[in-house]
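Colleague: I would like to learn how to read a ligand site. Please start with the terms.

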Amino acid sequence: MTVNIAMLGTGSIADDALAPALKRVAGANLWSVLSRGRDRARAFARRHGAAAPAPAHDSLETLLADPDLDAVIIATPDYLHATQAVAAAGAGKHVLTEKPMATGVEEGEAMVRACDDAGVKLAVGYHLRWHAGHRKMLTLIRAGGVGELRHMRAQWTFQAPDAGNWRARRDTASWWSLSGVGTHCLDLIRWVMVPVCGEVVSLASTISRDVWSSPNDETAVVSLRFASGATAEFCSSVLITAPSRAEVYGSDGYIRCEDTLTRRGAGAIDTHQGILEFDVADPYAGEIRDFVAAIEDHRKPEVDGREGLRNVSLLVQAVASGGARFDAQQVP
Ligand SMILES: NC(=O)c1ccc[n+]([C@@H]2O[C@H](COP(=O)([O-])OP(=O)(O)OC[C@H]3O[C@@H](n4cnc5c(N)ncnc54)[C@H](OP(=O)(O)O)[C@@H]3O)[C@@H](O)[C@H]2O)c1
């Protein structure tokens, strides 16, 4: 069976990561492309070998009307994910949406409902779960390699050249650093912690927006407590160029990931017992392989809409609880 997949959006992640990854997945076929500009769609289709007889679209409606199309990958700005996913589900197409799945909880719920009602899969693109080193790390943790999980920390940042990106604006995104990279840190933490430590039971955050005066977060520092009492923290920022980092601490040891939170599937991991070797593999191919297998095997994707929705809900709470100001004059 071959799953014919359309790419919605021709931007950075679609061009650099998702379309090349699609080629590496047996049973997946880049079929068609949506762009606001037909010429951009044509160029993208040509560059990545889209297979439909007429692959280039500037209308979602005509793209979705294609009976040979099975699924879409949504790689557009966050505020478009919900409308496009609901339309795709209505046309009977499976959906893999980029993260964060929506700009708010109600939008995310509408996506889950539409895909449930249509009987199609809804997967969310958290590629870090498909990093080969992270998968080895998880196996080690689940085998008791660090003992009882006590704390986890993650940091992923980049330096934006200015506030011109759509993530910096309220009409196209709800979050800036949290949308770009913080949501990935949160997913990595949830993936490691939630199955054994239970759900997040409390959250606190500090949000800064002071360099660009953006309505959205420029730096976010978020701390979490799980049902077991274990804790976690992450920092995302659009103000700092630095290696990414993740650390897991247990009762019997630790794991430290250096520069593994990237698009590349590379970096280094060590533990209290030495280096954890892994092969570099394309994490986006892993994510798409899981999506295709979920369709073929009639099972849930590894990161389904409900998990994507919990992530969105925590991002909403992070902003709601962050940014509180106090008057330094009043501190004794
Ligand atoms: N998983 C990851 O590692 C990862 C990494 C980066 C981004 N993402 C996610 O992928 C999605 C796209 O991000 P990106 O970095 O690829 O963004 P981007 O480079 O700005 O590309 C987004 C594309 O969406 C289309 N688009 C439609 N309406 C638009 C509008 N009003 N403004 C701007 N573009 C519009 C554009 O294609 P046309 O001009 O052809 O219409 C544009 O090229 C986001 O949800 C983001 O969070 C995920």
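Modeller: A polar contact is a pair of N or O atoms within 3.5 Å. This is a predicted model, in which local features need pLDDT of at least 70, side-chain atom pairs count only at pLDDT 80 or more, and totals for chains, interfaces and linings use all residues. Residues are numbered from 1 along each chain as its sequence is written, and side-chain values use heavy atoms, with hydrogens and water left out.

Colleague: Which residues have a polar side-chain atom by an oxygen atom of the ligand?

Modeller: For Tyr284 the distance is 2.6 Å, and for Ser35 it is 2.4 Å. Thr76 contributes a backbone N or O atom, 3.2 Å from a ligand oxygen. The ligand taken alone exposes 880 Å², of which the protein buries 85%; such areas come from the Shrake-Rupley method with a 1.4 Å probe.

Colleague: How many residues surround the ligand?

Modeller: A residue is near a molecule if one of its heavy atoms lies within 4 Å of it. Here 23 residues surround the ligand, and the closest are Thr10, Ser35, Asp78, Lys99 and Tyr284.

Colleague: Which helix gives the most to that shell?

Modeller: Helices are DSSP runs of H or I with at least four residues, and strands are E runs of at least two, numbered from the N terminus. H4 gives the most, with four residues; helix H1 (12-23) and helix H4 (78-90) each supply at least two.

Colleague: Why does the ligand lie between the domains?

Modeller: Domain bounds come from an automatic or database assignment. Domain 1 (3-127 + 286-303) and domain 2 (131-280 + 315-321) both give residues to the shell, so the ligand lies between them.

Colleague: What about backbone geometry?

Modeller: Most peptide bonds are trans. The bond from Lys99 to Pro100 is cis, with omega near -25°. Pro100 lies in the loop between strand S5 (94-98) and helix H5 (105-118).

Note on methods
Polar contact = N/O pair within 3.5 Å; in protein donor to acceptor, adjacent residues only side chain to side chain.
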